[in-house]
Amino acid sequence: MPPAPALMGHASMPGVSPSHPHRLQQDVNVNIVGVSESSRGGAAAVAAPPTAKEPAVCPTDDEAKIPRAKSAKDKRSFDYVWKSGVAGGMAGCAAKTVVAPLDRVKILFQSHNPHFVKYTGSWFGVGQAIKDIYQQDGPLGLFRGHSATLLRIFPYAAIKFLAYEQIRAIVIPRRDKETPFRRLISGSLAGVTSVFFTYPLEVIRVRLAFETKKDSRSTFRSICRQIYHERHSPKPTPAATAAADLAAGVSASSSHAAAVAVAPRAPSFGLANFYRGFSPTLLGMLPYAGMSFLTHDTVGDLMRHPLIAKYTTLPRPENHPPGKPAPLRSWAELFTGGIAGLVSQTASYPLEVIRRRMQVGGAVGDGHRMRIGETAKMIMRERGIRGFFVGLTIGYVKVVPMVAVSFYTYDRFKTWLGI
């Protein structure tokens, strides 16, 4: 039976006629001899070193058999970018909603609101301030300015987490390059990037939360118009005042020249008002965002230590990317985020107080735009060193759950989205 296909194949070849049986028999004998020769050389063929494999015509030919592991370049794909942005935005909204009432009280304390100065410095004052707001404005009063918060926090958190993933992939290209300093730099740059694009909405939110008089409520649109048209003239210096007095006692021409020399600069207004307090924000964001991501990643590594991993980690889901650490259990993730919030808040709080006072500069005082140094001196003169930590206790109460919920929501959304 085996020779039959060979005979049929030869009979069908061009130039070979079935009417030559002797030629067909010769061909069959030759084929049999060739098979026996190849069988004798089989051992040699096995012992011979394998030849270099020819490259696949299409790169996916090999991946069909052995899937290629995901690399850091996958983080730059559009799919990863939009998913990490959505996860970050949702994480920010969830975190801010949880602590919205405490956030408003903290702003009132930090900005030295005249109606709430008496409540600062004690836990009972925090509760009393919340009670007063609730009695005066109802439940919605505790969430005043929250719409502006959500409008700001979604792009802010989305950009922050997205930028962190992208910057981290560049600063830490491989596992062996991962150091605390590189983590700190990645987090700091991500925070600066996000705050640059969303700072005007933060100014609007603070001004809305600062208002306490029921008969002078401002809408989102009216507060934008008010901030835009505020004019801030620099405070005249003693030298300028003396020069003006001297000019009053001389000739008209000399007086005109002196007036021009000591005339204040044109009052500033417009879009620059929406970036009031931006410099201390940048300075504060460097330690805040940097320490937040650094602490979260470091504590997360400790929670995944082999000795306690079985108590703190969950089984990897089916869509878990290769090379990514196992997800933490809910309590472990919340604990990790809480520690990150505690450390980052302590490191950046004095600059945050300065920023709040500069942001409400157009709502209180004489409208003079104060710089970082002037604001710091004013706080030191009013309250001393403790003035830079006014509201820190409520800051801890607010920041610890906020950062915990933020990292927890971000991690879970990444898991659900498969990144």
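Tutor: Gladly! Let's begin with one term: a salt bridge is a side-chain nitrogen of Lys or Arg within 4 Å of a carboxyl oxygen of Asp or Glu. Keep in mind that this is a predicted model. Here, arginine 175 and glutamate 178 meet through their side chains in a salt bridge, at 3.6 Å from N to O.

Student: How many salt bridges does a search of the whole structure find?

Tutor: The search finds 13 salt bridges. One of them joins the side chains of arginine 174 and aspartate 176, at 3.2 Å from N to O. Another links arginine 183 with glutamate 178, their closest N and O atoms being 2.8 Å apart. Salt bridges that share partners join Arg168, Arg175, Glu178, Arg183, Asp297 and Asp301 into one network.

Student: How do I tell whether such residues are buried or exposed?

Tutor: Look at the relative accessible area: under 20% is buried, over 50% is exposed, and partly exposed lies in between. Arginine 175 has 59%, so it is exposed, while glutamate 178 has 19% and therefore counts as buried. Arginine 183, with 9%, is buried. In the other pair, aspartate 176 is exposed at 58%, and arginine 174 is partly exposed at 45%.

Student: What does the protein chain look like as a whole, in helices and strands?

Tutor: Its secondary structure comes to 17 helices and 0 strands. The chain has 419 residues, of which 41% count as buried. Now take contacts between residues at least 6 apart in sequence: 76% of them join residues at least 24 apart.

Student: Which residues of helix α6 are buried?

Tutor: Count along residues 100-110: 11 of the 11 residues are buried, so helix α6 is largely enclosed by the rest of the structure. Among them are Asp103, Arg104, Lys106 and Gln110.

Student: What is glutamate 352 in contact with?

Tutor: For a question like that, we set aside neighbours within four places in sequence; glutamate 352 then touches Lys106, Gln110 and Gln345. Glutamate 352 itself lies in helix α15, residues 330-359, and is buried at 10% relative accessibility. Helix α15 also holds glutamate 333, which is buried at 1%. With the neighbours within four places left out, glutamate 333 is in contact with His296, Leu328, Phe407, Tyr408 and Asp411.

Student: How do I judge the length of a helix, say α17?

Tutor: Compare its span with the one expected at 1.5 Å a residue. Helix α17, residues 392-417, has 26 residues and reaches 36 Å from first C-alpha to last, close to the expected 38 Å. Just after α17, glycine 418 takes a positive phi of about 75 degrees. An unreviewed UniProt entry also annotates residues 387-410 as a "transmembrane region". That span is 79% helix and 0% strand, and its end C-alpha atoms lie 34 Å apart.

Student: Which residues form the nonpolar patch on the surface?

Tutor: Phe78, Trp82, Val86, Met90 and Phe154 do, with about 480 Å² of accessible area together. Helix α5, residues 78-98, gives the most to the patch, with 4 residues. In an α-helix there are 3.6 residues a turn, so residues three or four places apart point the same way. Valine 86 is found in α5, and its relative accessible area of 30% makes it partly exposed.

Key: Residues numbered from 1 in each chain as written. Predicted model: local features only at pLDDT ≥ 70, side-chain atom pairs only at ≥ 80, totals over all residues. Heavy atoms only, no water. Helix = DSSP H or I, 4+ residues; strand = E, 2+ residues; numbered from the N terminus. Buried < 20%, exposed > 50% of the residue type's maximum accessible area, 1.4 Å probe, protein only. Contact = heavy atoms within 4.5 Å. UniProt positions renumbered as here; feature names shortened; annotations may be inferred. Patch = residues over 30% accessible without salt bridge, like charges linked within 9 Å, V, L, I, M, F, W, Y side chains within 5 Å. Areas by Shrake-Rupley, 256 points an atom, 1.4 Å probe, with all protein chains shown as cover. Expected span 1.5 Å × (residues − 1).
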